[in-house]
Structure formats: structure tokens, C-alpha cells
Amino acid sequence: MKYAYYPGCSAHSTARDMHESAVAVAEALGIDLVEPPGWTCCGATAAHQTDRVLAASLPAANLLKVRDMGLDMVVNCAACYNRMKVANHEVSTDPAMQKLVSDAVGGDYDGSVKVRHIIEVLLEDVGLDVIKATLKRSLNGLQVACYYGCLLVRPHEVTNFDDPENPTSLDRLVSAMGGVSLDWPHKVECCGGGLSMSRTDVVVSLTDAIVGMAKAAGAQCIAVSCPMCQINLDMRQLDIEKQTGTRHDMPVLYITQLLGLCLGISPDELGLNKLMVSSASVIERLEVHAHD
Amino acid sequence: MIKNNDKKIGAVLVQGGGIAGVQASLDLANSGFKVYLVERSAAIGGMMARLDKTFPTGDCATCIVSPKLVECARNLNIEILTLSEMTDLWGEPGNFKATVKIHPRYIDDKKCTACGDCTQACPANILDPFNRNLGTRKVVAKHYAQAVPNVFSILKNGHAPCKTTCPANINVQGYVQLIKKKEYLKAVEMIRRRNPLSAICGRVCTHPCEDACTRKDLDGPVAVRLLKRFASDKEMEMIASGELTLPEEKTPAPDAKKVAVIGAGPAGLTLANDLADSGFAVTIYETLPAAGGMLRWGIPEYRLPKNVLDHEIELIRRKGVTFVLNCRVGEDISIKKIRTENDAVFISVGVHKGRALGVEGENQTDVLQGIDFLRQAGSADNKPTVRKKVVVIGGGNVAVDVARTALRLGAEYVEMVALEQRGEMPAYPEEIEATLLEGIKIRNGWGPRRILGNGSVAGIELKRCIQVFDEEGHFNPVYDENDRISIGADQIIIAIGQKNDDSFLEHIGARTERGSFKADPVTLQTSIEGVFAGGDTVSGPASIIEAVAAGKRAAESIERYLKGQDLIASRFEETIKRIPEELLPSTKGVEKKQRAASGELAIQKRIGNFDEVEIGFSEEAAIAEAERCLNCALCSECEECVLACGQNAIDHKMTERTVELDVGSVILAPGFEEFDAARKGEFGYGRYPNVVTSVQFERMLSAAGPFEGHVVRLTDGREAKRIAWIQCVGSRDAACGNEYCSSICCMATTKQAMVAMDHVSGLDATIFYMDIRAHGKDFDQYYERARSNDNIHYIKSIPSRIVQMPGTRDLRVRFVDESGRLRERQFDLVVLSVGMEPAASVRDITSSIGIELNEYGFCATDRLLPLETSRPGVFVAGAFQEPKDIPETVTQASGAASKAMELLASARNSLVTKKVYPDEHDVTDEEPRIGVFVCHCGINIASVVDVERVTESVAGEPDVVMATHTMFTCSDTSLSNVKDMIREHRLNRIVVASCTPRTHEPLFRETLREAGLNQYLFELANIRDQCSWVHSSEPEAATEKAIELVKMSIARARLLEPLEGTSLAVDQSALVIGGGLSGLTAALSLAEQGFKVHLVEQTSALGGHLAEIYRTLEHDNISDFTADLIRRAESHSNINLYMEADISAISGHIGKFQTTLSTNGRKTEISSGIIIVATGAKQAETLEFLYGQSDAVMTQVELAKRLHENKFIAKGRNIVMIQCVGSRNDEHPYCSRICCSVAVKNALAIKQQDPDANVFVLYRDIRTYGFREIYYQKAREAGVLFIRYDRDEPPAVSDANGLVVKVNSPDFPEPIEIEADNVILSTGIEAHPDNKRLSDMLKVPLNSDGFYVEAHMKLRPVDFATEGIYLCGLAHSPKCIDENISQARAAAARAATVLSKKYLDVSAQVSYVDQDKCISCMTCVTVCPYNAPFCNQDGKAQIEAAKCMGCGICASECPAHAAQLHHFEADQFRVMIDKLFRREVFNNELRHIRT
């Protein structure tokens, strides 16, 4: 299983943990990830608010590189994933756009490179049976609220990822790891993503609602797959406490971190030391798998 | 225009058995046409049968629809075809051939007596589709309680995945259901039909069925294997305890054909079993000393105890199978001898040779083959010697068996070495788990390089296996030769696969392929005539169940071969087709239930012995596990119903069939389906159990529904106190492709809230809506009543999301309130008011018969031709044409019937049948001779009421000549018995004690008529509903009560008298009052049907309001349409026109009305059989908003005229339209229905003229219902501004400095002032002022708004309570042109049911007045709702029988007891009461009463 792996900027900065855990998990499961040489910014957050052609061209430039590699493109960051998908959608459904973009990127791009989120690769290509058979530890009944945010599932006709209102991809992974995935109502609730810096007050109230709901549903941790969600849910818990006096103490882990733990990878290799809310309670809970 | 000719067929096919289809069928059948009523489901009744109450009258929907359904079923000229659909239509109008596909009911509707015994016997509960999956039903059941036809049906879905996946196709679902019913022996019997090795497979089957289980991904598959084991163990237990004896030993007949089987493994045993069952003489030759093959010699006893194996082999032996053991074919007996002594041979020798590793050191002692090791271990003595440290090579099931056996035989350390990683190992995960638990080490990812040691084993050297399977998934290991380890061992056992014994293959001489026998994949024939082969020897090592399947397959082939039949055609396997994925039950919302666990022998107890490790289910666990089955196939074909049915009515082998029908016309009324609410994911339907659809809520409210009328939350059964309704789910929503309005939902919700108020005390109801569309007759008044209720809150907002709160599972609804703020409120239950969509199935019908659909999939029609499809001769009615409510549906149905009547007028009465009865036997001078028949109703009555005792107890009652009891009195045979008894005993009164007269009285009355007795000499005692059902827990008291009821009925029967109805000559001409659109349409329809019509118009012009209308919303040209209509009416030879005519008097009754007209002072008398009132209404006038004071203020009608005449220049103007002028207020509390559409039409016309003109529409609710909504949308897109105002704050118009309109809208923070160039007033419709005078003459009522009141708002929308008078058009209520056309035609169709008859039957069950007793108080005249009593020339009351409806009100009100109702006479009831209170009535007194 070989893929072109587009890390995006977060992977090398604010979401190092996302990147490290993804790479470690991929290695453990025999997934070969190759970074496209000379990949560039996908334009998330800024470009699509500025210029439609630019917003499609930035991802297209990267997709064009991957097309030449003859591989599917795997993306981990939900924002990058969304931008890549949007670019593919625009280019393949609008001939005028295709022309504009092709001119901009200096190559004829038709939207044909398959863009996959790493969750899709885990579920569709590796498969739960193989994952289960490879696990070294179990989540041991850990109650996990899987949080998908908006970028993976919306707009559905573009991303075509799972069910836009009640996605279950992460939940299936959590169940396979021996965790209890909670059916809770805020799986795709807005976390305030783009307003993280400009309107912290809005983000605090939105994330408070999400983390609070997860807690009410009995969650012992939240599993995410998007670096924006992770930052907002993890980092803002301190602000929530300051503003509302409520201390949630809710660990927010990337799904690849949880999976990495179950595959027997050390917490440090998975970047768990980079989380704001300690994941110690999660790590303690893990059980050595009976097989080992 | 299609010319009538004699070739037309007087029959009509009506597709759809909802209220539309039912009404159309009744109208057609009652006016001389044969009808085929074709319905897709198992019963007619459609959506209406699902509803609780109807709006705005609050009638029980079922109660009002049921009589219509029963009437359909009873009508001789309506043939109901259920579970059917039209699939093709050829020919031309008047002469079609229709193909109808009829799906199997699996129950013979002629034999079924609807006793319900099958339902009681059925073990399978499935979600009830009738209740929209709230609650469950049995697979065999009646569609719903009041279903017509009153026959049960079985729901099937094909074959369940467990059955289709099983190589032997065992009916898994079937035996799981039987286990649930504790029918263990039946379960085993069902398993053995496809697999004689039930107990064995219950232990060691690889259970592919479980991998296919629909439940697998929800909470684990049903534990099928363990259930099989449980049932089989029960059988063995019963044999052990002596409760059950082994079957008799059989011997084959001396002349039976002979079959030899070589090899007594599972394939051979199965084949022997089947062929012995079929009467063949089977001999099995087996090399080893006992039968069983790998079952005995390959599977260790801790997994499959020998006694289990012996038991099932013994059962096969007892069928007459001969075993020849210790006999190696080829050595002890030659194949030639076997072939000559037998008629066919089956080879199933299995693969018993282990594969070698082919590495260095393999030939040392203590290097064993696993298969040899296990065979030795399986023998009673001569167990193999096991060394201390054993290494087993292999990762499959044999390797695991070897390792675990070695441990049990005393090895101190056992290690398995497998090439595969853990997840890739071919052994079953549960086996691997057990192996690890027992302390065996598994070394994954290593392959043997060489075996160490010098003659005796010292260890083994391993090399790293880096890949086991290649890219294509083939076994093709790749090693890293440099990565090696060595491990010490005393013994190496190799278990890497088995193969055939080559010498045996050679000996037989059949063709082989890669070391196996080559056999035909379908028939298992080998290359040698008469020799078949199957099992591992053909397939290579496979599972037991695959061997069983091979045995079954070969048995079928050999039987066919020996009987000289075709080996290939229609084999069993072909009948097994898997259910399509989309029909499998959804696991969404299914509550998770853990798979039941079986016990295991403790680890420490396993060493050193071969005790069975797995402990089977307890009975409790087994039943709980069986209950987890989702019944994927719906019916499991367990056949419990077949056993339960006393009528032999059930036939699981019924198949689909097709009929061809000759019809002259077709009416499509397939109805609608509700929108799939799950498509609006934000509301969580299907995810949050407390979110239900409006249809589900109807079932919830219904007393006959799954919760018996309790409004509860699905999560905890708690009463729902806070309920929210969300409107427009799937309507007015471009996002889901349904831009149209579903028309009924606002009222349906309002009604649901009102009804729920009665069900839940203190209910807090909130309705989220866009516009409230209460546009029907009396709807707005109902809505205002709801709105004024303090506990019903209307919020103009559509929520964006529903969130289910953790813990409480309350629903938090998020919405933006009227002030624009985001809000959230919590509810116990949310009802999604789902819109209408055409049924998906309809598309198939319409595309095959060539009917055009509109863009939403509804039937494409034209506003001016609302009943016509794109194919001539095919008409449409109901919601399939456009979303509509019940009265409009019924109206349209009658309208469509009139279209068919016009087309087929020449063939009227050509295909109808009238039953001929024998002459009635005169009983007037006879003493009563009563026959009593007490019905068991299967076990329905007899399981509670002691039917024999009832019979004995009543046999001695006075005048009872005979009394008997029967299993099903209503069955065909019983009914002929009743007729025989009538003749034999000269019976002249019949009493049946059975179920309910509602369904069965007509049937028994019919029987009396067929036997030459008057039908009124029948009496029914309801001892089912009133005894066995309501007192089911008190059989003694129920029996006593039954005896009393029957005695009472006998007492009444003694006084029953024969009654004869009279008949009445019909004047076959019509009087139509009113020459507007409705009157013209009705008159033309009747005239086209060949009836004479007198059309009376008050003014000097025909056409009425049409003169002021130029275009429809859809832009049809009305002026041309009107001109054509008038021309046709004026020139029609059957129409007599009376212009400027005034009606001065009307008298008479149905069949013969006399009407006096004066035209220009000249009086005319008109005689007619019926009257149609089509007097129209008038445009409301106003003096508000400066109307009449400013030329710039005008009505919509005036605007339309100017627009039409190009006199209205819109350019650059500000035009303000004000809706509801003088409507929906205290003065005119009703909605005029048309004004919103008119405003939209005129606004669009203005915008078309000048897109820059500003049009403002000030409205309260925009009521562009149905497809009119599209134009509302277009108007908004064109830039028309719609501004809402409240009733309490109407807009104000001032003209100080030019026109200014001021409005304070709840949707805007500040009041708005608009400088208007024109103000257009939507003034609405008022009742005609002359209605009062005419209604007095007709003696029909008006409502408070001055419109005529129909007989029944829902189901008799164009009838008056007085028979023979019909109503249509604006005289009924405001409505649009297409609706008026439908209604006018409906009136014509209803009229035709009378006019088509020369004579009308007048019921015998009518009132009469004893002239001697009458005191001339005229109370009866006052109280009768039908004007039947009148004051005769003697000054006494007399009943006009033609008008009497037999309600009995006069009889109960008459102070002198002079008015009596035939068949319900006071004395007949008195004797019943006397009987009940044991008051003896002396015979002579009785005599007195009778005379």
C-alpha cells in the first residue's frame, strides 16, 4: 500500500503530533507514505476567502505533482483534505475553471487524482479485520466521543466522506480498538475553526458546548482527526475554565494517536506529550492484549 | 372527442385501493360498470386507514372509511385484486388490454376465515410496516384490524443471508424461530431436512451463516451454531430420558434400486440419508473400523464427543442404510464388483494423506503427520506416544487440533509455528483463542527450514516468512533466508494440509484433476457412467458443511439419474435466491443485545482428558439468543402456520401470476408515500428514537395503533408532555428536490396537536412552521381555535437542527425566533411533518404504460384538464395528481369516474352481473323453527368459550329445532351445511353465534337468500368480541355470558319477520342549477353520458365568473376554454337551457323531483331524477383601504382585467397588494383559498411587463398550496417582495400626499412605509345571497358563512344528506378552477349512480308510522335529518320510504311509539331484555306480540 502523503503546514508546526502519530501508525500497518517532493501550501482558510481560482489552483498545483507519481493522495489534515477535494470538484465539474486553474498551475489538470483521508485508507484499504489482528493493546472499554468537525463531511457532495450528519468512520475504528464509541449529538457541531484567533470568545463558547456535551455523554476522551478541531477543543479548555469556571479536563487525541497506542507505539513517538490536556488517564486505561 | 361506439368495454381498471380508488370504484360499479380494483398492498384502505382522526371534524378516520371498504368488498361488480399492480396497457380508449401482476399472498383467500390461528402460531415478530415500524407484528397477519378483504397474508422477502450463505442452504431463520417457540424437535427436524448431521454441526460447523448475519456489524451475529447444538442436544436428552424413542428401523423394499457409497464421512452419510429417505437401498463401504470419516478420525473428542457422532450415524443407519466397515475398496472388494452390484456409486473417500514439508530431516522418528496423529488419537486404544516438547507446524485448524490433542495426551510444552501473522492464520479465531488460553505458544511469521536431530528429533530451524500471500492473494510464501532461529523439540508434528490417496484414484479410474476426482460442478457426475463423487475428494480439504452440501447435491443427482430424469433442470440450488441488500432489515435503531455466551470447561480441567470443552446454551440463553434474530427473510417458512390453519388455507409455494383484463378505461389513483425523513439528517430521524414522523404519530394517536393511543416517548415509554412539530419536512424544500407544498400538513399537524391535547393532560405543543395553510372549508376556523389554545404555540421558524441530550434523550431543537435570535428549546418528542411524494413504485407503472409525469414524479395534468393523463382513456385522481386532502381526493375520484362513464356510456350495464336468488319461501304462517350454529372460530372463540356447552345449553330453548357447533361457520363447507340444514330441518330462522356482524352478517344473510329464506330472518350473537376477546382470562364467565347472548338472540329470532324492500321508478333526467363553470361542466358530463339535462341559469349569460378570468397561474387560456364550454352546452342535444330563470318551488324525492321555474314570467314545470346545485358564489366587496375613494386602489379582479386589456402600465411603479381584505376576520372567518395564487399570478404578470416595477405583497400566510408553490417561488425570484403582517395589525393606506401604505411586520424591527402608485386588494369570495332561499326549497342546510353543507365533509363532499341532490363549485366553498371542474364532474358521477337505473331499490329497513297510534305531534318530522316523514292528508305522520335512511331517530323520539323501524322493532328488543332478566314470556303473549 503506497500513497503520496500530503502533510500540509500543520503537520510540520502546530499539529506535529498528528503527523508523527500518522506516520508511526502507517509504518506499523505496512502503509508506505511518500511526501510529494516540493509540495506547497493548500491555501486553506485564506485563499478561498480571497479568490476562487487561487483557492483551486493552490491544491491543484500539489495534485498535479501527485498525478505524476501515479499514486492516490493521502491527506491527514481535514482542512487540506477539504481544499484538495474542492479543487478536484471545481476542476472536474466546471470546464472554465479547469482552464483557469490549468493556466495558473502551468499544467493540464483534470481533477483525476484520488484524494483520500487517512481514515478512509485505514478503513477501506487496510480494513478493520487486519487492524484488529495487528493490535497489541485494547482501549479496554474506554468511552470515546468521536468528533468529526465540519471539514471532512461538508459539503457532502464535494467530500463524499461518510454520512454528513452522523458519520461513523472514527467510531468504527474506536470500536475495533476495544473502545466504546459514544452516540452523541455533537459529532459535526461547529468548533469555530477559522475564528480561533480572531474571535476567541466565540470559539470558547462553541468548544465549551462540544466538550461539555461529550462529557455529559460520558466521554473519557475525545477522538479527532482535524488539527483545527484538536487545537480548539484541547487548547481552549483553559479559556473555558477561565470564562465559565468549568474545568473539563477532557483529553483530546488524534485517532492516529489512539490507534498508535493500541499498536504498541510509545506515547512519545505519537506526540502525546504535546497535548495540552494530559492523556495520562487514557494511557493508564489501555490493557495489554490477551494475545501478547 | 372520442366517439362512442358499440365496441367499447364496460369495465374500468382502478389502480390504487386508497380512498380515491375506492370512491371511483363505487361510483362506477353503482352506475353500471364492472370494476377491477387493483391494489399493491394486502388490503384496500390506503393512507386513510392509517390515520387516527380527520380534520376539521374530528371523525375517526377508520370508522368513516371502513364502511366504504366493506361496501367495495360486497359489491358484486367490484373485483378487488390485492397485492397486485398493473404492469402494461395496450389498445385504445374504450378498448384496452391491461396486464396485472398478482403477487402471492401465500394464503388462499377463498379458504381463509380470518380466525387468526396462524398469527398466534407464528413465532416471527417483525416491524409492522402498517404502523410504520412502530411496534411489531407477526409475519402472518392481517394488514390491519379492519382490513378489507378480511384475509390474512404472509410477508416474504426471499431467502435470508444465513440460508443462502450456508452451503447446504439450511433454513436457519426457520429453526431459530422454532427454538424461540421451544419447538426443539421441530427445529431439529427442520435442520435435518438439509443436514442430517445437526448435533455434529452444532459443534464443529464453520458457520458461514454467522458471518453473513445481518446483525453481525451491530452487536455480533446470532449464535446460529450454538442454537443448532442446543436443539440437537435437547433431542438427545429426550431420548436419554425416554421421553422420545429412536425411530423404527427400516429396511429398503426388496426391489429398491441400489446405491453404493464409498467412504462414511459427512458427504457419504448425508447422501446415504437422503437416498434412504427416498426409498433406495444404500450400502456404505468404509475402510476404517467405524463410520464418520474426518468427523471421527480428524476431530478431537473434546470438540466432538463420540456419542454425539454415534447418535446421528445411528439415526441414518435406522433408515435402512447398510454399513460395511473395515473394507477398503480396491483391496477387500473391487470397484468392478461394486459397480455391477449397484445402480449408482458415490465416492466420498475424503483426503486422509498429510502433505510433507519437503525439508531436511523430515524422515526421522518423532516427525509425524498431524492427520495420522489425530486418527490414532481418535481410536479407542493405541493412542499415540507424545514427547515432552512438541512443535506443531501449521496455522490451520488441523494444526490447532493437533497441538491441543498433544497437550491433552501429556506433552509438557507445545508450540505452534505458523507462516502467517495472527490475523492471517486460517484457523478460526475462537480456536486460536482457546489454544492460547490452554497455554500453547504460537510463533507467527516463521517457516521450517530443516528439522534438527540425528535420527531422533532435536529441534527445528526456522526462517522468517516475510509474505505469505502474493498480490493476487494466492498462497505463495516469501522467506528471508538469512533471518533464522532454532528451537528445541522432541517431536515435530506436521499439519500443513492433506491430499487424496493417489493409489485409490488410480484404482477407480475416473478422470482426475490436480490430484482430485473431476466431477461436474452441478451434478457431481464423474467421467464414469453412474459414478458420482463429492466432498473433500473432489474439492480438496473443505468444511463439514461443504461436504454435507456435496452429499445433498449428489443425492439429488443420483435420485434423478435413477429415475431417468434430467439432472440439470430446475435443481434445488436454483430456488435459493438471496434477498437484495436494500430489502434487508435496517439495524438502525435496533437496540443492541449482547450475543448469549456459552460456557467452557475450566482450563485446569482440560488437561489429560478429552472432555468436551464447550458447554452449550442453557434454555434461557438459547431463547434469548433466538430472539436476537432479525428475521431478514420476514417469513422463515417454519410452517407453524400451516399446522395451525384449520382450513388448509396456507400455501407457501404460491407464486406470482399475471392476468390480462379487458377494460374500457383506466383510473390511476396510486396515492402517495410520505417523504423519507431520514433524508433530512439534521433532524436525526432514524437516529434519535424520540423523533417520529407525522404518519407514525397518527399511529401513536390511534386507539388501534401500537401504543393504543398513548402518546409516549420511544426511548422510555414515558408520556410525552412537550411535543414539537416541524412542518415542511420534505416539502417546499429545493434542497431535497421537493419545491411544491404538500397541502395537508399544516392542518394535519394542527389536528394532531388538538387531538394530542385530549390524550395528554397538560400537553405543551409547539408547531414550527413557514406559513399556516388552512385553505379548506372551515379549516381556518379550526386553526384559529387551535391557535387560541394557550398550550399550542405556533412559531414561524424552521429549526436548523435537533440534538438528542445524553441521558434524558430529550430533544433540543435549535431555531431562529421571530426576532432573529438563535434559540434552543427542549422537547420530549418531535414530530416531523413529512410531505407527500409519489410512490416510487408508480414510476414503473407509468413508464411502462406511457403516462407523463411532472418534474416531481406526479402525474402531469393541465389545470383545465385536471383528471386527464397524457394517455387518452387513462384518468387520474388523488394525491398522485397533486398533493391534496381527503375531500378533494374523493371529489377527484368521482370526477375521474365521470370521465370514464362518458367514454364508456354506450357500454354501460353491458358487463355487470346481478345475482339471481331462488324464490323466497313464505314463512308468515309457520311456527318459528330456529337453527343455531355456534362457531369455534378456530381457537379464537373456542380457546376461551366452551362452545360445546353453549350449544347444549341453548338447544332446549323454545322453537330451537337444531343446534350445532362448527369450526368455522363462515367457511364454504360450513355455509353449504347451513343451507343443507335449512332444507333438512325446514328451518325458518337462523342464529349464528360467532364473531361480529360488522364483517360477517352480510355473508350469512347471503346464505339465507341462497337457501330461499328472507335475509332478515337471521340473527347474529357476537360471542367473540364480547366474550372470548374481552374476557379471555375468565373462560367460565365468558361461557356463561355467551350462553346468555345466544339465548337472547334466539328470543329475538322468534320475532323476526321477513321484509321486502320496494322499488321506485327513476326519472332518468337531471336538473342542474347554475350555468357557471361548475354547472356547465356537470351538465355536459351527464349529457355526454346520454342523460337529459335541464340547465337553469339565473342571469342572461352562461359562464359565470369565467368571464372575469383570463389566464390560470400556469398561463392556460381561459377565454378560449370558456367560449368552447358555452358553445358545447348550447349546442348539446341532451341539454335544455333555461336562461334568466328563477326557481319558485321544488318538491319530490330522489328519482322524482318536481321543480317550478319562472322565465320571463312564464312558469315551467321540470321533472328530474336528481338535482345538482351549482349556484356559485360572489366576489366579496369592500370599502376598506380607500377602495372607491381612490382610482389607484382596485381589486385583483379589476387589476387582472386591466392587465389583460393592456391598460395597466406597470413601468417603474410601486404596487402594493394587500391580502385577506375582509377575509379571515370575525366577519368572514374563512379563507377564500384562491387569493394568494391570484396575487402571485398578477404580481408575476406585472414583473413580466416591467421587471423594475416594485410589487409588495402584504400577507398573513401565503397559501399557494400544491404546485402553486412553484409560482410563489418564481415570484420571489422575480423580485416580488412579500411582507407579512399580523391579523391584529393590518396595514393602513393613506392618501394625503399620494398613496402611502404603512405596515408593521413582525419580521421587521421597524414599521414600513411604502409610497404606492397602486394598491391592489385581494377581496376574496362570499356565499351567494340567494343560497338561503334555494336551500329552504331544497331543505338542505347552509353553514354559518352561507355556503351549502355537504352530507359529510370528508367522504361525501358532493352529496347532500338528502339523497338525490348534489353539490359542486363555489356554492360548496371557495376553490380554484381545476378543483371546480373536478367537483362538477364528481357531482355528475354521483348523479349517474341514480340516473343509470330505471328503478331504485328502497331498503326494507325503513321506518313506518302506525296511523292508529299517531297523535299528529309531528316530532318525527322535526327530528328526521333526511326529511323522510311528512304530514299526510289525514293529518298524521307518514314516512317517505325513498328518503328514509333507517337511522331510527323517529322511532326513539316518537312519544306514542307510533313510529317504528322495521327489523328493529321495540318488541324484538323487549324479548331480548326479558330473556336476559329471566322474565318468562308466555307463548300466548308471544303470539299476541307477533300478530
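How many residues of chain A are in contact with residues of chain B? Keep that in mind as you open this predicted model.

**Stop 1: the whole complex.** Start with everything on display. The predictor assigns the complex an ipTM of 0.91 and a pTM of 0.88. Now colour chain B by pLDDT. Its average is 93, and 99% of the residues score at least 70. Then select residues 1487–1491 of chain B, where the pLDDT is below 50. Beyond near neighbours in sequence, this stretch makes 9 contacts in the model.

**Stop 2: where the chains meet.** Select the places where chain A and chain B touch. Here is the reply to the opening question: 16 residues of chain A are in contact with 15 residues of chain B. About 1,300 Å² of area is buried between the two chains, with 47% of it coming from carbon and sulfur atoms.

**Stop 3: charges across the interface.** Between chain A and chain B there are 3 salt bridges. To look at a salt bridge yourself, show the side chains of A:Glu165 and B:Arg801, which come together at 2.8 Å, N to O. On the side of chain A that touches chain B, you will find 8 nonpolar, 3 polar and 5 charged residues. Polar contacts are here too, with 5 residue pairs across the interface.

**Stop 4: spaces inside.** How many cavities of 30 Å³ or more are there? The count is 14. The largest cavity holds about 320 Å³ of space. To find this cavity, select B:Asp885, B:Pro887, B:Glu888, B:Arg1233 and B:Lys1375, which lie nearest its centre among the 26 residues that line it.

Key. Residues are numbered from 1 along each chain as its sequence is written. Chains are lettered from A and ligands numbered from 1 in the order in which they are written. This is a predicted model: local features need pLDDT of at least 70, side-chain atom pairs count only at pLDDT 80 or more; totals for chains, interfaces and linings use all residues. Side-chain values use heavy atoms; hydrogens and water are left out. pLDDT is the predictor's confidence in each residue, from 0 to 100. Contact means heavy atoms within 4.5 Å. Buried area is the accessible area (1.4 Å probe) that two parts lose on being put together, summed over both. A salt bridge is a side-chain nitrogen of Lys or Arg within 4 Å of a carboxyl oxygen of Asp or Glu. A polar contact is a pair of N or O atoms within 3.5 Å; within protein, one must be able to donate a hydrogen and the other to accept it, and residues adjacent in sequence count only if both atoms are side-chain atoms. Ala, Val, Leu, Ile, Met, Phe, Trp, Tyr, Cys and Pro count as nonpolar, Asp, Glu, Lys and Arg as charged, and the others, Gly among them, as polar. On a 1 Å grid over the protein atoms alone, a cavity is a set of points where a 1.4 Å probe fits but cannot get out, and a pocket is an open set with protein on both sides within 12 Å along at least five of seven lines; lining residues have an atom within 4 Å of a point. Grid points are joined across faces, edges and corners, and a volume is the space filled by probe spheres set on the points.
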